[in-house]
Amino acid sequence: MNKYSIYAGAALITLAISTTSCRKEKGCMDVNSPNYSSTAEKDDESCIDVPSTYAFTNEAGESTVSFGGQQQRLEMLSELVSYMKTANAVGTTVDAATLKSMYANESYTWTDGDALGMTGSSKQLKSKTAGGDAGVQAMFETYMDDLAALSALAYDNSAEEYGQGGVWTNGTKTYLQSANGLEYTQLIEKGLMCAVFMNQMTNNYLNSVVSDGTEIADGKNYSDMQHHWDEAFGYFTSEATFSADGDGTDRFWGKYANGRESVLGSATTIVEAFIRGRAAIDHENTVMRDEQIVIIKNEMERICAGTAIHYLNGAISNITDPTKLNHELSEAYAFTNGLRYGDNSITGIGISATDIDAALALIGTDFSLVTTAKLNSAIDIIAAGTGLTSYKSEL
């Protein structure tokens, strides 16, 4: 072999190495795309747009979204609230056994205006309360007993005097409230929003998806992971087309998130996170999925805390209007206590049970004893524990 052959061989090897080293891995380089590739060095224009609404289909064009159980439970609470509010009129009583039958969906015939199949369904609110905690379930059933007993008094408390339970009125607003001002309808409605809807969303389903299977279930169009993510979304809103101009903003978390939107932006953030997370699941992007889980949990705590602060601010503004004050404080009390059912509080990432208890002690359960100073102190505790100190005066 002559020296020219050696040089030619070396040149070919160098060329091969050079060619190999210049070949870049292709893929989607947009970090906001559900098929983002962290190893891609050259964008191949394969990035996928995230849909604008909660609508996802398979290759056959069939919907893969399912959260019917959550739609039923949201409607169950809506009907329960409507029944409880009938007692805001003097002489209209509600029955404790009926309230509990609705709560546990036992032998109750629902109106079911949207034909969701609620009557005879296995779905219920009670079993999902605080993950099935018997003590918390009993607390809500005691509220129902107290509400029924209060309605039976048929007392017109137009004088707005503490010490006498009945239908309080300030001439404009009329509510059934206890002798100490507690409004059980608010404690039950807002309490179940937290102990059922928020708890199931953040502490159950968003935690379970990380270990769920991704195979399409037999007889279904979706995997366990897709379905459990959908169920978490269904506890936030029953509307796949949730929007600030109407859809899904008429009740429960969709309503209260939208109510704090101008200050916190949480409604938009949560819905976008749910959509992005579902798209990430569909494309096996676990990093993006897990990022959205954190966002949703944080924003749910902010909405709950922000709404509690909102009502405490309202109570301060209405400190001389007993009927309105009682109403505002009942909602504030329920949302403050409800913070303990969110995953951030449960896992010690968010506001502590100690801080929640301290804020509740300042609000108290005898609203005739509240002061502006106490309510401001409660606001400070809640805001500090949830990162809302800079927003507390705006809420």
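Modeller: Let's start with a term: buried means under 20% relative accessible area, exposed means over 50%, and partly exposed is in between (1.4 Å probe, protein chains only). The model is predicted, so local features need pLDDT of at least 70 and side-chain atom pairs count only at pLDDT 80 or more, while totals for chains, interfaces and linings use all residues. Residues are numbered from 1 along each chain as its sequence is written, and side-chain values use heavy atoms, with hydrogens and water left out.

Colleague: Why does Gln70 count as buried?

Modeller: Its relative accessibility is 1%, and the cut-off for buried is under 20%, so Gln70 counts as buried. You can find Gln70 in helix H2 (residues 68–85); helices here are DSSP runs (H or I, at least four residues), as strands are (E, at least two), numbered from the N terminus. Leaving aside neighbours within four places in sequence, Gln70 is in contact (heavy atoms within 4.5 Å) with Tyr205, Glu231, Gly234 and Tyr235.

Colleague: What makes Asn326 buried?

Modeller: Asn326 has a relative accessible area of 0%, so it is buried. Asn326 lies in helix H11, and beyond its neighbours within four places in sequence it is in contact with Tyr162, Trp168, Gln177, Gly181 and Phe367.

Colleague: Which residues touch the most other members of the largest nonpolar core?

Modeller: Leu80, Phe197, Phe236, Trp253 and Phe274 do, in a core of 98 residues. Helix H5 (residues 184–208) gives the most to this core, with 13 residues. A nonpolar core is a set of buried Ala, Val, Leu, Ile, Met, Phe, Trp, Tyr and Cys residues joined through side-chain atoms within 4.5 Å. Setting aside neighbours within four places in sequence, Leu80 is in contact with Leu99, Met102, Leu125, Met144, Ile188 and Leu192.

Colleague: Why are H4 and H5 called roughly antiparallel?

Modeller: Helix H4 (residues 134–152) and H5 pack at an angle of about 160°, with their axes 9 Å apart. Axes are lines fitted to C-alpha atoms, for helices over the stretch in contact, and angles run from 0 to 180 degrees between N-to-C directions. Under 35 degrees counts as roughly parallel, over 145 as roughly antiparallel, 65 to 115 as roughly perpendicular and the rest as oblique. H4 and H5 are therefore roughly antiparallel to each other. By class, their contact has eleven nonpolar, two polar and one charged residues; Ala, Val, Leu, Ile, Met, Phe, Trp, Tyr, Cys and Pro count as nonpolar, Asp, Glu, Lys and Arg as charged, and the others, Gly among them, as polar.

Colleague: How do you know how H10 runs relative to H11?

Modeller: Helix H10 (residues 286–317) and helix H11 (residues 322–338) pack at an angle of about 155°, with axes 8 Å apart. That makes H10 roughly antiparallel to H11. The residues of this contact divide into nine nonpolar, four polar and two charged.
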